Amino acid sequence: MMTSEVFLLGTIMFVLVETLTEAKYTKPTKGCPSGCQSCSKYNGCFVCKPNFYFLLYRSGMKQTGVCTHACPTGYYHDRTDDYYRCSRCRVSNCSRCFDKYYCALCEPPYFSHEGHCVLTCPSNMYEDEITRDCKVKVDCSVTDWSAWSTCTKNGRPCGYKWGEETRSRVIEVSASPEGSPCPPLSEERRCRMRERYCPGTEPEESKSSRKKTNSTRDRIIVERPHLTKAERRRRRKKKLKLSLRNNDVELNT
């Protein structure tokens, strides 16, 4: 007998069992397993208690009904107004599904994508090994640059000719696996100090240069010859005579 014929025969038998269940087994049966309201010795449960799911196991030609709180792998919770049933997923390589043709969790090494189980996700998606589904790749996104900081050196905004200033930005959206990574979040550049000298202080090099200038000036003053009042008076007279002589020469010409 072909497999399809066996499956069809099993379906017909199950429908007959359900018909008999509605007609003869609506009343509780003594000695049934936990969660089972009506049962038989050979076919197990026919009717489950409230909040239990009916699961039909097939072993060759034999079918056995079981009442359970959770459906096993490869089945989903099929609910109607008056009946709870564990129905088999019809998606290949599916471990847990939402309904007959939409898989929620695939068996390794497959990944869930739009209700199907695939070995490789589309190019704009990546494989999540934890949830075992395909997720969209997300590139890193950052804010605009902040304003440049104060020009400083060694933590001081003055006292030097050159310093450094920095600016930064923060991450808005982190990159997913296989997404574009984040660009640099900070940068720095050389800058010129607005205040060369700090208030109330003076660099050592400026003091040393001033001392050198003062010592040179003192040396010049010391080397200049000392003149008495009479000598200075004679020099002024000599300059005056020379000036008058030059004026007479110009008049004669």
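Residues are numbered from 1 along each chain as its sequence is written, and side-chain values use heavy atoms, with hydrogens and water left out. Because the model is predicted, local features need pLDDT of at least 70 and side-chain atom pairs count only at pLDDT 80 or more, while totals for chains, interfaces and linings use all residues.

**Disulfides**

Begin by selecting the cysteines. A disulfide is taken here as a pair of cysteine sulfur atoms within 2.5 Å, and a search of the whole structure finds 11 of them. A disulfide is a covalent bond between the sulfur atoms of two cysteines.

Select Cys48 and Cys67 next. Their disulfide has an S to S distance of 1.9 Å, and the link is left-handed, with -95 degrees about the S-S bond. Cys48 belongs to strand β2 (residues 44-48) and Cys67 to strand β4 (residues 62-68), so the pair ties together parts that are 19 residues apart in sequence. Strands (E, at least two residues) are DSSP runs, numbered from the N terminus. Cys48 and Cys67 are buried, a term that means under 20% relative accessible area (1.4 Å probe, protein chains only).

Move to Cys94 and Cys103, whose sulfur atoms lie 2.2 Å apart in a disulfide. This link is right-handed, with 95 degrees about the S-S bond. Both cysteines, Cys94 and Cys103, are buried.

Now select Cys121 and Cys134, joined by a disulfide with S to S 2.0 Å. The link of Cys121 and Cys134 is left-handed, at -85 degrees about the S-S bond. Cys121 lies in the loop between β10 (116-118) and β11 (125-128) and Cys134 in strand β12 (residues 133-136), so the pair ties together parts that are 13 residues apart in sequence. Cys121 is buried at a relative accessible area of 8%, and Cys134 is buried at 10%.

**Nonpolar cores**

A nonpolar core is a set of buried Ala, Val, Leu, Ile, Met, Phe, Trp, Tyr and Cys residues joined through side-chain atoms within 4.5 Å. For the largest one, select its nine residues: Cys32, Cys36, Cys39, Cys45, Cys48, Phe52, Phe54, Leu56 and Cys67. Strands β1 (36-40), β2 and β3 (53-59) each supply at least two residues of this core.

Centre the view on Phe52. Leaving aside residues up to four places away in sequence, Phe52 is in contact (heavy atoms within 4.5 Å) with Gly35, Cys67, Thr68, His69 and Tyr84.

Finish at a second, separate core of eight residues, among them Tyr76, Cys94, Cys97 and Cys103.

Notes. Helices (H or I, at least four residues) and strands (E, at least two) are DSSP runs, numbered from the N terminus. Buried means under 20% relative accessible area, exposed over 50%, partly exposed in between (1.4 Å probe, protein chains only).
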